[in-house]
Amino acid sequence: MRSLKIKRDWVHGWLLLLPAMVFLFAFTHIPAIMTFINSFYSTPRGRRSAKFIGLDNYERMMSDPVFWKVLWNNLWFAIGTIPVSIALAIVMALWVNERLAGRGFVRMAYFTPTVLPLIAVANIWLFFYTPGFGLFDQITGSLFGWSASNYLGDPATALNAIIIVTVWKEAGFFMIFYLAALQAIPVSLKEAAQIEGAGRWTIFWRITFPLLMPTTLFVCINAVINSFRLVDHIFILTDGGPDNASALLLFYIFEVAFRFWETAYGATLTVALLALLSLLAIGQFFLFDRKVHYK
Amino acid sequence: MTDQLSVPLAGKAIQLTAVSKIWGDTRAVDQISVEVPEGSFTALLGPSGCGKSTTLRMIAGLETVNGGSIEIDGRNVTTKPSAQRDLSMVFQSYALFPHLSVAENILFGLKVRRVARVERLERLKRVTGLLGLAELLDRKPSQLSGGQQQRVALGRAIIGEKPVCLMDEPLSNLDAKLRHEMRLEIRALQQKLGFTMVYVTHDQVEAITMADQVVLMNGGKIEQAAAPRELYERPASPFAARFIGTPPMNLFSAHAFGALGQAETLQLGLRPENAFLDDKGSILLDVRAVEYLGADVLVDGVLGDAAFQVRLPSTNSTRPGETIRLGFNLENLHVFDRTSGKRRDDLTHEIGVHLHS
């Protein structure tokens, strides 16, 4: 009797787990493993099926100049977006956390870029960047008399133009996390510091910022992942050009796999991306762990 | 507790003149004037929402003042920020910085004010010796017990050697035993260091046992400001009479004593501990319940239309349903004017004559 009951509990348990597990395996774990396996095979073409080629794909990757180019681009992209969007997010959160008229409206306004789909956002920014009659050219033209410039078409500025769009898109999102964290800090801490004679600047650096560290860690990891993950706007704005100047790793993977149909090489690049992301996430945890105070 | 602090600090006097705080339509603090002598221990006492914490926060400079003025040591600080008022404060929640160690918490103010490192360590040693925190210096606040956190908050307040210290219900998060210990400790600390203390509490026992002066507040106004003994023996209003003392003072109509000249306008008060069994007494009490408290019994009854309690020795064998006769000494009778709510000591004698006739 008793063993039957245990068996039934066991079946119930697995049945409850099943739906989530099926989706998790079907769309996450199995593809990841398949990708890893595929990276050791050649791309199947027509009647020629895939065959095991060992590390050939990885060797190709190491000697692929475009791979190194997009990797560097991605590094610059991360350096350009993460600190700026985090700093902006903190400043905005501090501001909307104060008592000010129309606070709800300001908070909503900051959050709008997050709500809009990235594709739609990219289309709006495409107009801003348009040479000649775009918003930026109109402003710089009428204020400083600058001639028309093609921000998206110039290899020197294309990546920066994309960085600006990303910062605009992400800062508001991160602000929400900082706002929540700020509101969790008791007001009495600020008052105690005030009584001890600390000014606003000291209170921020000695009290508020350290107490925001858990949020900063969370936001940092998200920002790093996003810097490898968010490529939608590149399709609209530059399509990776000119001359791969604004192509990022994930964008390159998409091109290789689904435009040139070199699926095996695409799988290899994906493995590289996954390895990179895990390393970064683990590294951040170790780096921050000592400096972060959790309650 | 070692006697390491050599120079007693000179406290500074605080003067509140017609201070008000208005939030929308409510006057949280309504034109109160208080004088806190230098080096004294003043307790702001009252039920929750009476404006005592708001008053303290206005003295601290954490709340703006809507009217009146605040002076510390003769200097008008009404509009000055907290940092320029030369005071320290202990919060109800302690407000310890959770990411800093005990030592860093205590030293926070000195570091902000750029006190030299040598002197900082010197003072830290003195304060931690005084409060018995020496072994805990490297811990974080979350690793401390409630009583230890309380000590750290005290340490942070006294290390600055400020002439004024404000405390906002500092003991309300501690258990009863610890509260008693800390009460003695805070009082001893204040007397040793000699600073002026303003202490907010809703607990009458804390106020009565610790303070030199108790300011009893109700509804944003001051009911009475007096020494604890005076507050207990000569309460200025029925509210003060009921608020101080456990169980509270019995208030009853003067009709209880039969025809009396001004009976309509008078309210009489007698503390439960001041009545005793007396065959010739003037109070006739219908006993409803008897509570055994060990050392004595608390007899609940009805006098006229008001509830009346009396504390009798536990040898007494009164039972519910009986009627007992109680007497009292005339000096223990409190007379209040119903309309003005004021004390009328001038009528006590007249009532005494009436009772003996």
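Chain B is divided into domain 1 (14-237) and domain 2 (246-356). The model is predicted. The C-alpha centres of domain 1 of chain B and domain 2 of chain B lie 38 Å apart. The contact draws eight residues from domain 1 of chain B and 10 residues from domain 2 of chain B.

**Buried area**

- Between domain 1 of chain B and domain 2 of chain B, about 670 Å² is buried.
- Carbon and sulfur atoms give 40% of that area.
- Three residues, Tyr232(B), Arg234(B) and Pro235(B), supply 60% of what domain 1 of chain B buries against domain 2 of chain B.
- No other three residues of domain 1 of chain B supply more of that area.

**Polar and charged links**

- One salt bridge is found across the interface of domain 1 of chain B and domain 2 of chain B.
- A salt bridge joins the side chains of Arg234(B) and Asp345(B), at 2.3 Å from N to O.
- Arg234(B) is also one of the three residues that supply 60% of the area buried by domain 1 of chain B.
- Six residue pairs are in polar contact between domain 1 of chain B and domain 2 of chain B, with both residues at pLDDT 80 or more.

**The domain 1 side**

- Helix 7 (residues 228-233) of chain B gives the most to the side of domain 1 of chain B that touches domain 2 of chain B.
- Helix 7 of chain B gives three residues to that side.
- The residues on that side of domain 1 of chain B are four nonpolar, two polar and two charged.

Definitions and conventions
Residues are numbered from 1 along each chain as its sequence is written. Chains are lettered from A and ligands numbered from 1 in the order in which they are written. This is a predicted model: local features need pLDDT of at least 70, side-chain atom pairs count only at pLDDT 80 or more; totals for chains, interfaces and linings use all residues. Side-chain values use heavy atoms; hydrogens and water are left out. Domain bounds come from an automatic or database domain assignment. Contact means heavy atoms within 4.5 Å. Buried area is the accessible area (1.4 Å probe) that two parts lose on being put together, summed over both. A salt bridge is a side-chain nitrogen of Lys or Arg within 4 Å of a carboxyl oxygen of Asp or Glu. A polar contact is a pair of N or O atoms within 3.5 Å; within protein, one must be able to donate a hydrogen and the other to accept it, and residues adjacent in sequence count only if both atoms are side-chain atoms. Helices (H or I, at least four residues) and strands (E, at least two) are DSSP runs, numbered from the N terminus. Ala, Val, Leu, Ile, Met, Phe, Trp, Tyr, Cys and Pro count as nonpolar, Asp, Glu, Lys and Arg as charged, and the others, Gly among them, as polar.
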